[in-house]
Amino acid sequence: MTALTRVPWIALVLIAAFFVPVVGSRFYTFLANDIAIWALFATSLNLLVGVTGLVSFGHAAYFGIGAYTTGLLMKKAGLSFLLAFPAAGVLAGAFALVFGFFCVRLTRIYFAMLTLAFAQIVWAICFKWNEVTGGEQGMPEIPYPDFDRVAALPLIGGWRTAEYFYFLTLLLVALCLWLLRRIVGSPFGRMLTTVRENAERAEFIGVNVRRYELAAFVLAGAFAGLAGGLFGIFNRGVFPDFAYWTKSSEVLIMTLLGGMGTFYGPALGAFVLILLNQQIVSYTEYWPFVLGVILVVLLFVFPGGLAGAAQATARLWARRQRA
Amino acid sequence: MLEVRDVRKSFDGFLAVGGVSLRVERGTIAAIIGPNGAGKTTFFNLVTGHLRPDAGAVMLEGRDITGLPPHDVCRLGMGRSFQRTNIFPKLTVYQNVQAAFLSHRGRGADLWSRVERLYRDETEGVLRSLGLLERAGEVSGFLSHGAQKQLELGIALASEPSLLLLDEPTAGMSATETRETIRLVERIARERGLTLLFTEHDMEVVFSIAQRITVLHQGRVIAEGSPAEVRADTEVRRVYLGERR
């Protein structure tokens, strides 16, 4: 255990990710970019599911709002990415504040259903509001951020635009994950954990449970919005299905698969699910079936997800070493 | 310290608490006794804001706290423990008590500091006085029932209350555990100058430490006074003490 935990895994993963465009093909850069964005999306959801104990079925709403915000501001208003990207977080957070105000007044399944209902409303608006969102057709050709100045610099010049965007994604996702990690490890994060563990007891140590739940909801929504902002550019277009319930379930599956009990579990879930999807689809058209089987096995054998299983294995390994 | 005036609560027509008044003076130990279903826990829930009374008033240090939610009541200096053990089971013993300090000292909105070292001395102080310091790193859900009850007392203490309400602090404990816990409660109340109000089913415990006793029966007060007075009360003997002979 000690030998394994002393390895700076996170730094290694980040460094390895930066080398993907160097050693891999364009396709691998594309995959890695996809994974990085979904890793942020899943980790933002885990602030609700894993840390606060609130299961949201409608987290894609904030992802979609973020994507449309950045997309509209960059394409229609011609704003720079430096403004359009944070705007995605701010607007998604603002919507989360309004929707969350109602959601946290309900508990458990009713909470989950209301998050889903709000997400479907967001989707319906994106789907129908032709003048602004482009309706069913979505909004294609979102421009890339302007990398001309970066490309002119010595040493780091000479990459394709998609690759610059990948490096930018890595930096921003790493920054967001670091912020989320600080939040989870802060006194505020500990209060969220007490709400998850025992909301009644939390009230009696002076925690205003609803207010903390709402704060978690807003933060999770804001970070999902940032992930959405990146995804619209990466996808070269924003479409209503970004906010559709299947996206919400996809990110929930990643969180469960990776393990909601650990901070990096959901990111691991994003990595595994996207790679599996890519690989298995080329062998069989029954990918959802394979995914279903994997999930059933995992939930029964390792309820802590892949990250939980990895921890258990590491502990076992350490005990063998000592023996 | 605490004054309750004629609180009432009924559930779907069933009168659980029917007009109970009570005064607890600062620095004293008061107890509420009564047979099962007498309304003791409901009364506690009314006082702590967990339930809203249909009528009546609850005053804490002269301030009307009727109907305030528990988190506000807690901030005003009232701590409580529960009859059914009520802790944060997946957190360690240390984290359980520390969480109460974090909340009480208003650090809950801090998104930036690292949580581990905050209020370490205070937390360890509480754990030491409970005899739980050696077990600080253990996951609290795996502790024995008695130790969990003690931890719950620790959580309540970490809210630094001036008035502590304990709902059956020895429920489910063995005779030895009961005696130890009571000694512990008494000592801590004395050390910290706490005012204590507790419910209890164990008569020996009640008569050994309480200075004032209120007897509830079917949601009403049937007697109130010093242990000697209550012991001598014929009504009490009939409905309650008599039952146990």
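This is a predicted model: local features need pLDDT of at least 70, side-chain atom pairs count only at pLDDT 80 or more; totals for chains, interfaces and linings use all residues.
Biologist: What makes the 20 Å radius of gyration of chain A agree with a compact globule?

Modeller: A compact globule of 323 residues would have a radius of gyration near 20 Å, and chain A has 20 Å, so the value agrees with the rule. The C-alpha atoms of chain A fill a box of roughly 55 × 50 × 40 Å along the principal axes.

Biologist: Which helices and strands does chain A have, by number, and how much of the chain is buried?

Modeller: Chain A has 17 helices and 2 strands. A residue is called buried if 20 or more other C-beta atoms lie within 10 Å of its own. By that test, buried residues make up 50% of the 323 residues in chain A. Moreover, among contacts between residues at least 6 apart in sequence, 76% join residues at least 24 apart.

Biologist: What makes a set of residues a nonpolar core, and which residues have the most contacts inside the largest one?

Modeller: The members must be buried nonpolar residues joined through C-beta atoms within 7 Å. The largest such core has 168 residues, and those with the most contacts inside it are A:I37, A:A39, A:L40, A:F41, A:F223, A:A227 and A:A243. Helix 13 (residues 209-234) of chain A gives the most to this core, with 17 residues. As for A:A39, its contacts beyond four places in sequence are A:V173, A:A267, A:A270 and A:F271. In soluble globular proteins, nonpolar side chains tend to be buried together.

Biologist: Why is strand 3 of chain B called largely enclosed?

Modeller: Strand 3 (residues 29-33) of chain B has 5 of its 5 residues buried, so the rest of the structure largely encloses this strand. Both of its faces are covered: B:I29, B:A31 and B:I33 are buried on one side, and B:A30 and B:I32 on the other.

Biologist: How do you know that strand 3 of chain B pairs with strand 8 and strand 9 of chain B?

Modeller: Pairing requires at least two bridges between two strands. Strand 3 and strand 8 (residues 195-199) of chain B have 4 bridges in the parallel sense, with B:L196 as the bridge partner of B:I29. Strand 3 and strand 9 (residues 212-217) of chain B also have 4 parallel bridges, and there B:A31 has B:I213 as its partner. Both pairs therefore meet the requirement.

Biologist: What makes strand 6 and strand 10 of chain B edge strands?

Modeller: Strand 6 (78-81) and strand 10 (220-225) of chain B each pair on one side only. They belong to an open sheet of 6 strands in the order 6-7-8-3-9-10, with mixed pairing. The twist averages 15° from one strand to the next. Strand 6 pairs with strand 7 (residues 163-167) of chain B in the parallel sense over 4 bridges, and B:G79 has B:L164 as its bridge partner. Helix 1 (residues 40-47) of chain B lies across strands 3, 6, 7, 8 and 9, running at about 150° to strand 7.

Biologist: Why is B:R135 called partly exposed?

Modeller: A buried residue needs 20 or more neighbours, whereas an exposed one has 12 or fewer. B:R135 has 18 C-beta neighbours inside 10 Å, so B:R135 counts as partly exposed. Its place is in the loop between helix 4 (120-130) and helix 5 (145-158) of chain B.

Biologist: Which residues make up the contact between the two chains, by number and kind?

Modeller: Chain A gives 21 residues and chain B gives 28. On the side of chain A, helix 11 supplies the largest share, 8 residues. That side divides into 7 nonpolar, 8 polar and 6 charged residues.

Technical notes
Residues are numbered from 1 along each chain as its sequence is written. Chains are lettered from A and ligands numbered from 1 in the order in which they are written. Two residues are in contact if their C-beta atoms, placed from the backbone, lie within 7 Å. Ala, Val, Leu, Ile, Met, Phe, Trp, Tyr, Cys and Pro count as nonpolar, Asp, Glu, Lys and Arg as charged, and the others, Gly among them, as polar. The radius of gyration is taken over C-alpha atoms; the globule rule is 2.2 Å times the number of residues to the power 0.38. Axes are lines fitted to C-alpha atoms, for helices over the stretch in contact, and angles run from 0 to 180 degrees between N-to-C directions.
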